[in-house]
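Biologist: I am new to this structure. Please show it to me, and then I will ask my questions.

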Amino acid sequence: MILSMTGFGRSEGVFEGKKITVDIKSLNSKSFDLNIKMPLRYKEKEFEIRKMLSDSILRGKVDCYINLETLDDSNDVNINHELVKSYIDELKKISGDGPDFEYLKMAIRMPEAISTRPDELNENEWFLLTGLLKDALSKFNNFRKTEGDNLHEELKRNIHNIETYLGMVAPYEGIRLDAIKEKYRSTLNEFDNIDETRFYQEMAYFTEKLDISEEKVRLTQHLKYYAEVMKNEDFNGKKLGFISQEIGREINTLGSKANHAEIQKLVVMMKDDLEKIKEQTLNVL
């Protein structure tokens, strides 16, 4: 089965007046490369979050954004009014008369004059966050599967195109060799006392050098193997990449031995589809 390395998933939830949003997206990469941005209150759980992501995603350049947004109008800052007034009264007793705002500036710096709601992560919020991460990962992997199905169809089409072009080579093989033989024959007729035995030996050697039957057989096998791996193996991106390299070697050898304009055209079209295969294979998980 083909899975794409390109993916996206989002999940949202609300906890005690706070909206939590988890976004996960990825692009292709040779390894697992994770970048996480999250509020400080979740930093203590970064190791667990990274493990959840790495176990599910496996490979790719991944960005995970966890955002926290306050929904109500409640203020996290609490001013202890009575205590501040007490500080001001005591400061006035010590220093005598002075502007009230100066006493206020001193009073708010005193212990417990200003407090904030504790910013610690509790178990209920962590339970919700892990649920959101799992939901985002599920959507992310479904996205990868959908993209993988599209990739599968494109790759099948490109493989089929190369097989078609390879089948079109056969009619030109005999014509090519006959043309070469005739060319050498006409050239040799210009000379006297030609050793025909030697001539046929040279022609046999030259014909063997131009023979492309082995390349055609190996190319056919590689194309078949690529299709089998694509269909039957999971997480097959790297393996498909290696097979596409072997396909390229056979096509290149076919081109170097072609010695015929029409075969060269077919080789160029094979290379065009092969480049599409290589580009698409880079995005296979």
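Modeller: Start with the surface: Leu104 is partly exposed, because its relative accessibility is 39%. (Buried means under 20% relative accessible area, exposed over 50%, partly exposed in between, with a 1.4 Å probe and protein chains only.) This is a predicted model, where local features need pLDDT of at least 70, side-chain atom pairs count only at pLDDT 80 or more, and totals for chains, interfaces and linings use all residues. Residues are numbered from 1 along each chain as its sequence is written, and side-chain values use heavy atoms, without hydrogens and water.

Biologist: Which helix holds Leu104?

Modeller: Helices are DSSP runs (H or I, at least four residues), numbered from the N terminus. Leu104 falls within residues 100–107, and that run is helix H3.

Biologist: How many salt bridges does a search of the whole structure find?

Modeller: A salt bridge is a side-chain nitrogen of Lys or Arg within 4 Å of a carboxyl oxygen of Asp or Glu. One of them pairs Glu46 with Arg50 at 3.1 Å, N to O. The search of the whole structure gives 19.

Biologist: Why are Glu46 and Arg50 separated by about one helical turn?

Modeller: Both sit in helix H1, residues 46–57. They are about one helical turn apart because their spacing along H1 is four residues.

Biologist: Which residues join Glu215 and Lys257 in one salt-bridge network?

Modeller: Lys257 and Glu215 form a salt bridge, with the closest N and O atoms 3.1 Å apart. The pair links distant parts of the chain: Lys257 is in helix H8 and Glu215 in helix H7 (residues 213–232), 42 residues apart. Bridges that share partners extend the network to Glu214, Arg218 and Glu250.

Biologist: Are H8 and H9 roughly parallel or roughly antiparallel?

Modeller: The axes of H8 (residues 237–258) and H9 (residues 261–281) come within 10 Å and cross at roughly 165 degrees. Angles under 35 degrees count as roughly parallel, over 145 as roughly antiparallel, 65 to 115 as roughly perpendicular and the rest as oblique. H8 and H9 are therefore roughly antiparallel.

Methods
Helices (H or I, at least four residues) and strands (E, at least two) are DSSP runs, numbered from the N terminus. Axes are lines fitted to C-alpha atoms, for helices over the stretch in contact, and angles run from 0 to 180 degrees between N-to-C directions.
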